[in-house]
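Please keep the sequence and the coordinates at hand while reading.

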Amino acid sequence: MKTKLLVLLIFITSSLTFASNHGIYLMTNINVKGNINELQKLIVSKVKSEGYKVLYSNIVNVPDFVRQDKTEHCGFSARLIVLSKNSYSKMLTSYGTKYLVAGFLKIGLYETPNGINVVITDPETINRIVFNDLFENDKVDLYKELISKTKKYKNSLVSLLHNSVDGEKVKTAMEPIRDDEDLEESSKDMFMMVGSLTLFNDEDQFPLIYSTQNSKGFLGIQKLKEKFIANLKSFKPTEDDKEYRWYPNEKALKWKVISEIQLPNKNAILLGLTRPRTEAVSFNIASASREDEGDMCPGIDHVTAYPFEVLILQEENKINVYTQRQMHRMDMYFWDAGMSAFMDHMSMPGILDASLRKALLGKEYIED
């Protein structure tokens with residue numbers, strides 16, 4: 001009996017030892033002193049010198065933006081830097097053009113009571129989700145190969161930030177955190193509400209939102225993108241969209257393309273879209289269970305949750321357009337807000353799905 005218990009204890013201990021946990025976000029530097037604008041400029045300069053293309057570098061809207069009562073303001077600010085790297089995009093799409101959806105690399109800076117923290121969206125965790133259709137369709141070796149390659153890019157970006165930025169150097173996985181097996185097998189966080197955590201093994205999670213015939217190759221894709229951008233400029237939100245949270249001005253509800261990767265040889269474009277109120281509301285929700293008098297908006301540590309990805313690609317004789325279902329994306333990036341937060345804001349994902357599609361498709365949008 002004692003022998004059996006010892007074997008069981010060893011098994012449990014070894015399982016815990018070798019299990020790996022992966023956060024959607026990875027902290028790289030904490031308690032950095034100085035000015036957030038100067039730190040932003042420094043990082044932009046350093047990543048450019050290392051061959052990254054800076055697609056976006058600007059403020060992200062914190063909860064103060066949607067808090068009408070100024071006594072509830074935290075006074076902190078945040079910055080988002082979106083990058084791409086040609087070799088990284090090529091590596092991803094060597095497994096299939098659809099995987100360009102994982103092409104954005106993101107760095108976030110946000111103020112805290114103790115200084116500025118630096119965080120990235122962990123590309124390894126993202127790719128464990130985006131590519132898990134390989135794992136689940138018996139292409140385990142390809143899945144492991146892709147993860148191994150991704151780790152090299154991740155470690156390079158972390159090293160760059162460690163070598164460039166002051167403060168304490170860390171490598172801390174941040175919530176939402178999931179383990180190897182759950183990511184590989186697209187385990188469900190919220191069974192009834194979201195479903196499997198996968199983009200490509202469940203067509204409901206990364207749905208086709210638009211399709212049109214195209215015989216002009218990449219030129220046709222570019223023209224469709226330009227049409228989408230024109231639609232964004234003329235977008236008018238619905239009453240439901242307006243009413244689900246207070247906002248200070250009409251610009252708060254305007255969707256904007258802030259980042260873009262073009263792959264002419266693959267007939268594909270990845271767009272990154274966001275808007276002020278959506279950023280601020282999501283960080284406000286992520287703050288709710290953690291805020292205190294010293295820090296009224298801790299949820300800005302999720303600063304690199306944006307932008308939303310919209311994938312435009314040629315498939316056979318058609319241009320197809322895809323974007324994540326918002327409930328799925330919120331689960332992916334904000335699961336740690338908790339079940340009660342999702343229940344309290346049940347209408348938000350559907351409103352965002354409709355708003356984003358309406359903004360992109362304009363008069364061609366058909367309400368579900």
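Predicted model: local features only at pLDDT ≥ 70, side-chain atom pairs only at ≥ 80, totals over all residues.

Arg329 and Glu309 are joined through their side chains in a salt bridge, with N to O at 3.1 Å, the term denoting a side-chain nitrogen of Lys or Arg within 4 Å of a carboxyl oxygen of Asp or Glu. Because Arg329 belongs to helix α11 (residues 326-334) and Glu309 to strand β10, this pair ties together parts that are 20 residues apart in sequence; helices (H or I, at least four residues) and strands (E, at least two) are DSSP runs, numbered from the N terminus. Both Arg329 and Glu309 are buried, where buried means under 20% relative accessible area, exposed over 50%, and partly exposed in between (1.4 Å probe, protein chains only).

Residues are numbered from 1 along each chain as its sequence is written, and side-chain values use heavy atoms, with hydrogens and water left out.

| Pair | N to O distance |
|---|---|
| Arg329 and Glu309 | 3.1 Å |
| Arg67 and Glu291 | 3.3 Å |
| Asp180 and Arg128 | 3.5 Å |

The side chains of Arg67 and Glu291 form a salt bridge that links distant parts of the chain, 224 residues apart, with Arg67 in the loop between β2 (53-60) and β3 (78-84) and Glu291 in the loop between α10 (276-287) and β10 (308-315). Arg67 counts as buried at 5% relative accessibility, whereas Glu291, at 32%, counts as partly exposed.

Asp180 and Arg128 likewise form a salt bridge; Asp180 lies in helix α7 (residues 180-184) and Arg128 in helix α4 (residues 123-130), so the pair ties together parts that are 52 residues apart in sequence. Arg128 is buried, with 7% relative accessibility, and a network of salt bridges links Arg128 and Asp180 with Asp122, Glu124 and Lys154.

Helix α4 packs with helix α6 (residues 140-164) at an angle of about 160°, their axes 9 Å apart; the axes are lines fitted to C-alpha atoms, for helices over the stretch in contact, and angles run from 0 to 180 degrees between N-to-C directions. That angle makes α4 roughly antiparallel to α6, a description used for angles over 145 degrees. The contact (heavy atoms within 4.5 Å) is made by Pro123, Glu124, Asn127 and Arg128 of α4, together with residues of α6 including Tyr143, Leu146 and Lys154.

Ser282, in helix α10, is buried with a relative accessible area of 5%. Leaving aside neighbours within four places in sequence, Ser282 is in contact with Tyr306, Phe334 and Met348.

Leu270 is placed in strand β9 (residues 268-274) and counts as buried at 0% relative accessibility. Although Leu270 and Gly103 are 167 residues apart in sequence, their C-alpha atoms are 7.8 Å apart in space. Not counting residues up to four places away in sequence, Leu270 touches Gly103 and several others, including Leu100, Phe104, Ile261 and Glu309, and Glu309 is also the salt-bridge partner of Arg329.

Key. Parallel < 35°, antiparallel > 145°, perpendicular 65-115°, else oblique.
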